[in-house]
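Here are some notes to read alongside the model. Please take the points in order.

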Amino acid sequence: PPRSTLFPYTTLFRSQRENAHLEKLVGERTASLRASEASVQASYELLHSVIEGTTDAIFVKDLAGRYQTINSASAAFLGRTAAEIIGHTDVELFPAASARAVTAFDEQVLASGKAQTHEEFLTGGGQTRTCLTVKAPRRDANGKIIGLIGVSRDITARKRAAEALSKSEARLQMEFELMPTGCIVWGPDRRVEKWNPAAERIFGYPAAEAVGRRAEELIEALEARNSQASFWSPDATDNFRSHRASQNVTKSGKLIWCEWTHAPLRDNDGAVLGVMSMVEDVTGRKALEDQLRQAQKMEVIGQLAGGVAHDFNNILTAMTLIVAELCDPPTPVGSQLEDLKSLTNRAARLTQQLLVFARKQVMQFTTVNLNTAAGEVMKMLGRLLGEHVAVRLEWNAAGLWVEADAGMLDQMVMNLCLNARD
């Protein structure tokens, strides 16, 4: 057919192909948009889940401070619905003091252009809480600041727990410092970690000198170091708990007796972290105990001496009676018998002193003339002191009368003379 006759058909065919191509492009574009829309929706749902799934308050503000977005935690903190908060500022939502603090921090973040962390004390919903807030500038695609993003966490309970822990530690430290008994905390390497004032009073080392040093450098006596014997052995057993006495040395080198009580310090898993020792200086008490033991020994000796003196006194009584019979009537040996009688009487008085010492007889006080008593003692002193010692007695003409136990008085004079000779 002629060219002019075919033209309409050619044009129609070309239009159909172009329409098909356009329909294909439109379909592909529509599918891409739908996929993008689904992706955006998924991203939105994910972001919404994250924002709503946290207990932290999350919010977005514009440059005027108006809330543009908040999550449920933010609304719950303020005791309002999201609709009541969106579009409003902190001045409209918080008490004046809280609003000023929040606004000031917002302005500081926007001015710096950087994210910042800050503790805020906010009152919302009738409660004042401590919040740890992180705020950062919000920027558009070109980097221009167009608002502010914030995340705020309620740390009121944690803050109160930290304050309670701090108070507890302060109280324990005060009790540690005021404890009248020495208290020392040792690490597992036997180095001092804590040393209270009572330990300083006992051993003479201030805490600054004691902390970080080992036991053998501070308080173990030389004998214990040489013998490898320690007042405390931390690795003896995992369940050790001991109470013992040991001799220790102070900073000045003085040896003292101490009573120790040791207990392990453990972590939550039961591992031994160190040892706490309570120590008391018992040197004085130990000296008193030694004196008591000595007194008990002396009491036993006194009882023994009393028994012997009692028997010996019976023998002397019989001897005195025999000597008295021999002296009556007088004989040529009368002077020697008189001396024997005097010595027997003196021995009897000596046994009475032993009985007094043994608390089996009380002292017998009588009126005694010192001239007479001293004269009788002088008759024996010549034999006791020896021929090379001369004793001179100066008499008192008027006489010296005293209330005394005659036996004790004789013993006193004899002891004075014997001590003077020696």
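1. Strand β3 runs antiparallel to β4 (residues 127–139), and nine bridges join the two. Strands are DSSP runs of E with at least two residues, helices are runs of H or I with at least four, and both are numbered from the N terminus. Two strands pair if DSSP finds at least two bridges between them. Leu-122 has Arg-129 of β4 as its bridge partner.

2. This is a predicted model: local features need pLDDT of at least 70, side-chain atom pairs count only at pLDDT 80 or more, and totals for chains, interfaces and linings use all residues. Residues are numbered from 1 along each chain as its sequence is written, and side-chain values use heavy atoms, leaving out hydrogens and water.

3. The open sheet has five strands in the order β2-β1-β5-β4-β3, with antiparallel pairing. Its edge strands, β2 (67–70) and β3 (116–124), each pair on one side only.

4. Where does Asn-71 sit? Its place is the loop between β2 and α2 (72–78). Asn-71 is buried at 1% relative accessibility; buried means under 20% relative accessible area, exposed over 50%, and partly exposed in between (1.4 Å probe, protein chains only).

5. Beyond its neighbours within four places in sequence, Asn-71 contacts residues including Ile-51, Glu-52 and Thr-54. Contact means heavy atoms within 4.5 Å.

6. The disulfide count is zero, taking a disulfide as a pair of cysteine sulfur atoms within 2.5 Å.
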